[in-house]
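Visitor: Can you walk me through this one? I'd like to start with helix packing.

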Protein chains: 4
Amino acid sequence: MTGGSARIADSAMYAHLWGTPAVRAVFAEQGRLQGWLDVLAALARAQAAHGTVPDPAAERIGALRAADLDLERVAAETRATGHSTLGLIRVLADVLPPEVHRQVYVGATVQDLTDTWTSTALRTVLDEVGRDLRRVEELLLDLAVEHRDTLQAGRTHGQPGAPITFGWKAATWADEVRRHLDRLREGRPRWLTGQLGGGVGTLAAQGPDALLVRARFCAELGLADPGISWLTARDRVAEVGAVLAMVTGTLARIGNDVYELQRPEIGELREPTAPGAVGSITMPHKRNPERSEHLDTLARLVRANAGVLMEGMVGAHERDGRSWKAEWVALPEVCLLSATAAAMAVALLEDLEVDAGAMRANLEALVSSEQALTLLTGRLGKHEAQAALQASLAAGQRFSDLLTADEAAQLQPDPGQAGAMVDLVVARLRTARTAEDDA
Amino acid sequence: MTGGSARIADSAMYAHLWGTPAVRAVFAEQGRLQGWLDVLAALARAQAAHGTVPDPAAERIGALRAADLDLERVAAETRATGHSTLGLIRVLADVLPPEVHRQVYVGATVQDLTDTWTSTALRTVLDEVGRDLRRVEELLLDLAVEHRDTLQAGRTHGQPGAPITFGWKAATWADEVRRHLDRLREGRPRWLTGQLGGGVGTLAAQGPDALLVRARFCAELGLADPGISWLTARDRVAEVGAVLAMVTGTLARIGNDVYELQRPEIGELREPTAPGAVGSITMPHKRNPERSEHLDTLARLVRANAGVLMEGMVGAHERDGRSWKAEWVALPEVCLLSATAAAMAVALLEDLEVDAGAMRANLEALVSSEQALTLLTGRLGKHEAQAALQASLAAGQRFSDLLTADEAAQLQPDPGQAGAMVDLVVARLRTARTAEDDA
Amino acid sequence: MTGGSARIADSAMYAHLWGTPAVRAVFAEQGRLQGWLDVLAALARAQAAHGTVPDPAAERIGALRAADLDLERVAAETRATGHSTLGLIRVLADVLPPEVHRQVYVGATVQDLTDTWTSTALRTVLDEVGRDLRRVEELLLDLAVEHRDTLQAGRTHGQPGAPITFGWKAATWADEVRRHLDRLREGRPRWLTGQLGGGVGTLAAQGPDALLVRARFCAELGLADPGISWLTARDRVAEVGAVLAMVTGTLARIGNDVYELQRPEIGELREPTAPGAVGSITMPHKRNPERSEHLDTLARLVRANAGVLMEGMVGAHERDGRSWKAEWVALPEVCLLSATAAAMAVALLEDLEVDAGAMRANLEALVSSEQALTLLTGRLGKHEAQAALQASLAAGQRFSDLLTADEAAQLQPDPGQAGAMVDLVVARLRTARTAEDDA
Amino acid sequence: MTGGSARIADSAMYAHLWGTPAVRAVFAEQGRLQGWLDVLAALARAQAAHGTVPDPAAERIGALRAADLDLERVAAETRATGHSTLGLIRVLADVLPPEVHRQVYVGATVQDLTDTWTSTALRTVLDEVGRDLRRVEELLLDLAVEHRDTLQAGRTHGQPGAPITFGWKAATWADEVRRHLDRLREGRPRWLTGQLGGGVGTLAAQGPDALLVRARFCAELGLADPGISWLTARDRVAEVGAVLAMVTGTLARIGNDVYELQRPEIGELREPTAPGAVGSITMPHKRNPERSEHLDTLARLVRANAGVLMEGMVGAHERDGRSWKAEWVALPEVCLLSATAAAMAVALLEDLEVDAGAMRANLEALVSSEQALTLLTGRLGKHEAQAALQASLAAGQRFSDLLTADEAAQLQPDPGQAGAMVDLVVARLRTARTAEDDA
């Protein structure tokens, strides 16, 4: 690795943009090795409980620490054998007495080790993403409540239309985030599942108590027992990728709305600026929506990697290295980037600047055409009202010229049921949150 | 449309490969128009219930039939206005009295109409896919039970390894299908949701009872009330795409296993052949795995279109035609192709030919190396056993030469816990099915 | 096909948004059948030239017209045999004498027919896309020249920065379009290539003159001779998909810039509005950027389908229906949508409204910070100048307060070398165009 | 970076599977920093040549070495400022006298630096991929020549059909590889292009000789002058991604054919095994097609990342960080993985084991049905011959029963024009290679 990581996402300069400390620690080489050792330890304990491994050996295996291994030797043996885990197993002979070493990794295969470890790593990822997503939800609910009645132009096709409130916009974001929390809750038991099966997945080398050994092995690690091996049944992996792609899609949607509404020509929202941050050297007046922008960047990369996982569902027979090795890269990538996005969304929203004055000013610069249409419709009927408005516009006139004095007086920005919908969403989500807090 | 559809998937010759009758009917132009009219009728009824539309008008609107409309005029007006629904609304004036016509589509917008209709269309799709997927599960459980103990070579990296049973393989397929049935059940209430909000989604033109009108509107159509508008909150759409992509991924996995195991050099499985079917004109002896192959084709296209839906989550503001119009194409495509895949999987599995003799013969042609390793490990320890086997292989010897007579006698193909895992899966899935049947 | 096409892209109401007449005609069922008959005719003529088919038979085959065939019977036979072309071949027996019928389609296979036809269809597509793209280039060059010096704010990260000119922006678009024209020119001979090989591609059933028959066959159709069969060498198909995805990507980029600059808060560009067009029923004042938006929609779908073609490169052995049948859907889709995008870009640009006044006003509302920085740098050095500007901004001061009177006088919007770069691009592209016109 | 890289592709244990030394060196942090310094040096030299930077300053800047910089400080400043290059610029003040430091990076922007550096990095990548691809072509031509007449079953839809020769298969691979070499040659001048424009791309801060400075700057680095800035004109980047995705697609196709033909049930090809390599611990008899498999894995990941680049073409205005930062990750990934694939393909093919005996045996186990059909067609006509064959098959008879004795004698495996096509391809490709060698 002379010269540092070849992946910019792991570089000294930029790693912070493409990973969070907790998720990096899980997927980093030391974390992965320790995770593998923990899986080996759980296996030995499970086997010890069923008498196929002596207790002291299991205990010794359980005391293995990645820091005690010579990583360079592990790597060299891995390259020499061309085998994914044999390098590690060989080097364990350096630190274990022979009678213990022969009890390591009995009846298991590479995929048992790596799939099970991945499930434990996923737990950290899901915990972190879930926590940050709940925080995002909380911040959005606060915005929804605070700006329940803050008038803003709704925009469709990039064009300001009828009024909304900013709180209502925040509530639609929160509502979407809540559905992701639901998905994460529903999917979690499917995803956090162990794998133990040996060469082709039949547990043939685990002795007569094999099913019990597997159950114990999974329980030791806090994972669900799979019932049956899932070596090429990769729907779990594809699903977690799809859900995290959706999560980052939502965060990118929020980011993009901030990005657009931060245009100085609009000026309704502004990202917080970190002290010391410099937007542009050459154009120092600029205030770039760095985080908003990055949320979109992250979502693009997560989608692409989640697509790899989806494609990988079509594996052959009892193991297919073509798709499975692609997972080795794509799934951690999905996790690292999704956790980054969730953390960045929290930072974006914690100090998001809302310019209610600009919102109001932009809105007033528009004609509230939908309301005018409603007023005219009451008098002329729907289709005649439309025709009149269109004729008026074509003639360069203002809507208000078509209205009676009474009607004109009613021409106040009307956000319809925006506030009531905010109340609905806030009540429902807060109830869900309270139930979670109590759980 | 002179000259027929420009999409081969809708051609007279090949449409049967890319759609099922029921799903085609839903998305076909007549079906879509009728679906839209049903949505307009539900809206009028909901408004009538709250006094904003006269009952007789609602009744008349409820009697609209797509077959009574001049489709060519609708199309011409659509092109002339460049507006997605105005063509239809204008042509409705031909068949409705003016006082009724002005009560049509009040306070709603294109997206209310099309999103709500899509949810009703999705119901048919989910019903069909769910039904066929349950049938797939049933057929797989039958195979799992029948072939619980039918020995077969497990294959990893394309290479035969240790024994499995074919029933065990079928059980891993069934287990994956069951998880999809779980996902379809969990997602359904999220997906079958109405949309009503008017121009920017605030219900501003629905009067003081707007929330009740929306609730009634959704209930009329058997859809869930969304709580808040989801015009650019497209997670529902992205999720249904992802789940159907996963479903077709699993069916493609099954198809690919059949495709490979139908190679005459392997000959363990064979697709049923329809009477009259011709595989190859130029090579008439060939028996092509047409359905298996097509399952993979369909999964590729579903994945690609589901990717469009995922990308579409990042929409701007309160409506974004860029992503939304892409949904107009991609979501029906996902639905049509997924339903086709589910139906084709049923046809594939209903008469799948399982050649237990070939499975056994292929297996015996292999050395049961994993079991040999286990035997040796018991005597020599794990790492010594591996070394001995590798040395033996390198020297061109047979495993059995390393074994004692007693050990050699034990060298029978041992599928480990395959049968027990089949029993676990069958029990669990049959319980789930019974619960569903009772529901 | 009761009820109309199940694909909205082929519906009476919306087909115009997802295809052009010429490309639709090529891929429509009649067009495809006629194309296939033309390929069969070319084959018979080539065989006649080498004596393996009697001349009169070749002549009779050359007179076949799709309109004379009973399409419903072709379709019924296709479904009954499950074979892609046997239905057609059987129905040809209705219109050909037996001695001619037996001379049809000799020694060829489905893929010979369909791949070769696809190449002829691609020619129409490339002609149409190339023509429209040249027109786009021309319109962009006109804009570049006309607005060579029309000042506009450059925008990075969504934030107005230093000045550009609108002509310079148009020139960057034109420059990118020209690279696509280069790619289309370079790729064309690779793509417009015939296929003839029989069952596995070896020409085994074409007699001793097989290579000459193939050469003649390709020449008859104006296609290149492939040298060797390319049944699973699908790089040609993947490449044409990638290039058209790039083409639509550029057009979407132009569309998106228009979309954003048409926001009324910015108001620098506006799409032409077709007479009679209605943007929004409920918000009649709105002027939606329909075409700009649709360019992005089309690019999304083209990308997804081009991805299917890219994935399809990894086919197995001598034919792989899994990837090849996916091409049947994805390649025409890429073509139909790309041609639509090119035509729509022409329409967008032909009457694009450029509001030079708004451009200027937006620009003046900004501080020309880059120039201020340059001025200060000359006096203070680069890093001190930056520090001073940042301190000034932090203190809420204006740039100009930091400048001397002389410096302030220089603070005019300076688009740098924008005009000179326009001249470079215009000269280079016009030269290329003239060379093409002469060719 | 405590704990090692969080990307497995950069881990000590597995990095060799996801990068080559040369390409890793280019993209590694030290390589990138040095590359950036080289770009800054070229800029200073170009400016010195036009008098805007003093010669000694340019010389001093040209002597900057990444190894002399405190990377941790650069990283800390990068994080503190949130700016992509300001950290580096600040730290340069540690090693440069103030009067030189102020001459660094004048009038340029982050994207000038990074895009230009990327083009220089691409040169290394294209050199390496091109070299290895030429070696692949050479190896394939050798196989084509050696096995010009080695009979093998052609396989379509996974089913053995008529005969080919293995040399012919190798020639189709070589032919496809040659087209990639053509594409790489055509695209190279488009891709290896510099970028210099300052804040929005207008060269506003480069003085009156700006265009000459840019030309000199590009020439210093051996890159083409772009004519006009291409900050959001990312077709170059998308194209290089697409071409490398195609390259890896072809290599994956070769790998997949080896993977399938290495199945012991087929046994026609075998990967070379590295000495010391261990396929499976638990199933030691297995010989896994590790490289073949990995070629497919790499292609999947390259495709996904190339898709990110394609999507990134739709950037906004004069710079769009959303798409551009995604390039930062995706483009190096495409490069690293493509170079790995090319190197791995060389290793795979250098010692590929071809089992001509197994090929022949598999072929003879089949009936040469295509040839039988041809013989019968000569006697009965095409359609009657087909009917007779099908009836015969349906009755469980053999083809040969339908043939006369003379015909049966002719029933030898006939690979048609396979050998002649090999000759065509070999001649054409060798000519191209000679021309390249002379160039």
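Guide: A term to begin with: a crossing is left-handed if the near helix is turned anticlockwise from the far one by less than a right angle, and right-handed if clockwise. In this predicted model, α11(A) passes α12(A) in a left-handed crossing. Helices here are DSSP runs of H or I, at least four residues, numbered from the N terminus.

Visitor: What angle do α11 and α12 of chain A pack at?

Guide: About 155°, with the axes of α11 (residues 290-311) and α12 (residues 321-350) 9 Å apart. Axes are lines fitted to C-alpha atoms over the stretch in contact, and angles run from 0 to 180 degrees between N-to-C directions. Angles over 145 degrees count as roughly antiparallel, so α11(A) and α12(A) are roughly antiparallel to each other.

Visitor: Switching topic: how many salt bridges over all chains?

Guide: The search finds 192, taking a side-chain nitrogen of Lys or Arg within 4 Å of a carboxyl oxygen of Asp or Glu. One of them joins A:K169 and A:D257 at 2.6 Å, N to O. A:K169 sits in helix α8 and A:D257 in helix α10, 88 residues apart.

Visitor: And how many across the interface of chain C and chain D?

Guide: There the rule finds 12, including C:D235 with D:R179 at 2.6 Å. Each chain puts 92 residues into the contact, meaning heavy atoms within 4.5 Å.

Visitor: What about numbering and cut-offs?

Guide: Residues count from 1 along each chain as its sequence is written, and chains are lettered from A in the order written. Local features need pLDDT of at least 70, side-chain atom pairs 80 or more, while totals for chains, interfaces and linings use all residues, and side-chain values use heavy atoms, without hydrogens and water.

Note on methods. Helices (H or I, at least four residues) and strands (E, at least two) are DSSP runs, numbered from the N terminus. Angles under 35 degrees count as roughly parallel, over 145 as roughly antiparallel, 65 to 115 as roughly perpendicular and the rest as oblique.
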